[in-house]
Amino acid sequence: MAEHILQKPTHNFEWIDIANPKMEDFDGLKEKYNLNEASIKDCLESGHLPKIEEFENYHFLVLRSIPKKIAEDSDSLIEITDRISIFYNENMLITVHRNHIQFLEQLKKMDRQSKKFYSSKSLVNAIVSESLKSFESLVLENIAIRLDEYEERVFLHHYRKPFMKKIYYIKRQTDVIRNVLTLYKDIVDYFHMPAYKNIYTQDLRDNFYRTSTLYKNISENTAQLLSIYFNIESNHTNEIMRTLTIISVFFMPLTFIVGVYGMNFKFMPEIDWRYGYAAVMLAMLVLSIAIYLWFKKKRWL
């Protein structure tokens with residue numbers, strides 16, 4: 001469904017927003033603005049990553065943004081991000097999206113005297129900037145908080161395994177977003193070219209590098225947390241094996257003694273000795289104490 005947000009001659013350019021696009025929505029626009037069939041097809045397909053393309057009479061952009069809420073177990077591009085396609089030149093701006101984009105709705109309600117509406121390029125710059133800010137919001141309001149919680153579980157909680165699946169999803173979400181942000185660089189560089197450079201394009205560039213750094217740090221923290229977790233689990237396993245080994249060392253000589261006196265030989269002097277049982281038990285006790293003291297001396301206990 002196409003909605004006219006800005007129109008000439010009231011404004012310097014026309015802004016048309018298309019939600020849940022269909023091919024019919026472009027019937028009039030295709031001829032009016034000479035839109036290329038390939039870019040319209042790209043616009044209707046799902047799964048495209050951020051890019052910018054220049055045509056003879058307009059520019060075509062694909063952006064990705066993060067919705068306000070994403071499922072904790074999401075791990076694919078379509079689940080984690082919303083897509084926005086943009087056609088623009090100095091006379092028009094067409095935004096196309098399937099899902100509700102909160103910052104687009106906020107831009108629609110802004111005062112029309114804002115400098116963001118001075119030209120189509122200024123508005124596109126604002127849209128790119130807002131899409132990047134959505135990535136930053138996800139880190140600060142979602143991923144960083146969850147990662148801190150899981151880090152606490154690694155170090156302080158005895159039963160840790162159920163959170164491994166959640167760590168996996170954070171890692172997947174971070175990897176997907178870092179791939180998307182890598183492709184944003186071409187778009188940001190385009191807007192920051194010397195011919196168009198101004199305070200707003202500088203803000204966009206700063207926002208991009210700040211967001212990229214945030215996700216790089218999150219990715220490193222996630223990898224470190226996983227490494228720490230596996231080290232802790234390995235140490236825990238080693239502690240268990242150490243305990244079992246100590247127990248087995250205590251019982252091996254005792255088992256040997258019991259095994260000797262469990263043999264069915266006719267002539268074993270201790271069998272007829274009145275204090276034989278007590279002597280063997282005392283010998284086993286002394287042997288156990290000797291092993292314990294030896295372990296203590298070696299600092300194995």
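Here is a chat about some helices, an aromatic pair and the backbone.

User: Before we start, what kind of model is this?
Analyst: It's a predicted model.

User: OK, helices then. At what angle do α6 and α7 pack?
Analyst: Helix α6 (residues 164–191) and helix α7 (residues 199–261) pack at about 155°, and their axes are 9 Å apart. Angles over 145 degrees count as roughly antiparallel, so that is what α6 is to α7.

User: And which hand is the crossing of α6 and α7?
Analyst: Left-handed, as α6 passes α7.

User: What sort of residues make up that contact, by class?
Analyst: The contact of α6 with α7 has 17 nonpolar residues, along with six polar and six charged ones.

User: What about α7 and α9?
Analyst: α7 packs with helix α9 (residues 276–297) at an angle of about 155°, with the axes 10 Å apart. That makes α7 roughly antiparallel to α9. Here α7 passes α9 in a right-handed crossing.

User: Where is the kink in α6?
Analyst: The kink in α6 is centred on Tyr-184 and comes to about 30°. As for length, the 28 residues of α6 should span 40 Å at 1.5 Å a residue, and its end C-alpha atoms are 41 Å apart, which agrees.

User: Now α7: where does its kink lie?
Analyst: At Phe-251, shortly before the proline Pro-253, with a bend of about 30°.

User: How far apart are the end C-alpha atoms of α7?
Analyst: They are 93 Å apart, which agrees with the 93 Å that its 63 residues should span at 1.5 Å a residue.

User: Switching topic: how many aromatic pairs does the structure hold?
Analyst: There are 11 aromatic pairs. One of them is Phe-60 with Phe-87, a tilted pair at 4.9 Å centre to centre with 45° between the planes.

User: Where do Phe-60 and Phe-87 sit in the chain?
Analyst: Phe-60 is in strand β4 (residues 59–65) and Phe-87 is in strand β5 (residues 82–89). They are 27 residues apart, and the pair links distant parts of the chain.

User: Last one, the backbone. Is the peptide bond from Lys-8 to Pro-9 cis or trans?
Analyst: It's cis, with omega near 0°. Pro-9 lies in the loop between β1 (2–6) and β2 (14–19). Most peptide bonds are trans.

User: And what is the phi of Asn-20?
Analyst: Asn-20 has a positive phi of about 50°, although it is not a glycine. Asn-20 lies in the loop between β2 and α1 (27–33).

Note on methods: Residues are numbered from 1 along each chain as its sequence is written. This is a predicted model: local features need pLDDT of at least 70, side-chain atom pairs count only at pLDDT 80 or more; totals for chains, interfaces and linings use all residues. Side-chain values use heavy atoms; hydrogens and water are left out. Axes are lines fitted to C-alpha atoms, for helices over the stretch in contact, and angles run from 0 to 180 degrees between N-to-C directions. Helices (H or I, at least four residues) and strands (E, at least two) are DSSP runs, numbered from the N terminus. Angles under 35 degrees count as roughly parallel, over 145 as roughly antiparallel, 65 to 115 as roughly perpendicular and the rest as oblique. A crossing is left-handed if the near helix is turned anticlockwise from the far one by less than a right angle, and right-handed if clockwise. Ala, Val, Leu, Ile, Met, Phe, Trp, Tyr, Cys and Pro count as nonpolar, Asp, Glu, Lys and Arg as charged, and the others, Gly among them, as polar. The expected span of a helix is 1.5 Å times one less than its number of residues. The bend at a residue is the angle between axes fitted to the seven residues ending there and the seven starting there. Rings of Phe, Tyr and Trp (its six-membered ring) pair if their centres lie within 6.5 Å; planes under 30 degrees apart count as stacked, over 60 as edge-to-face and the rest as tilted.
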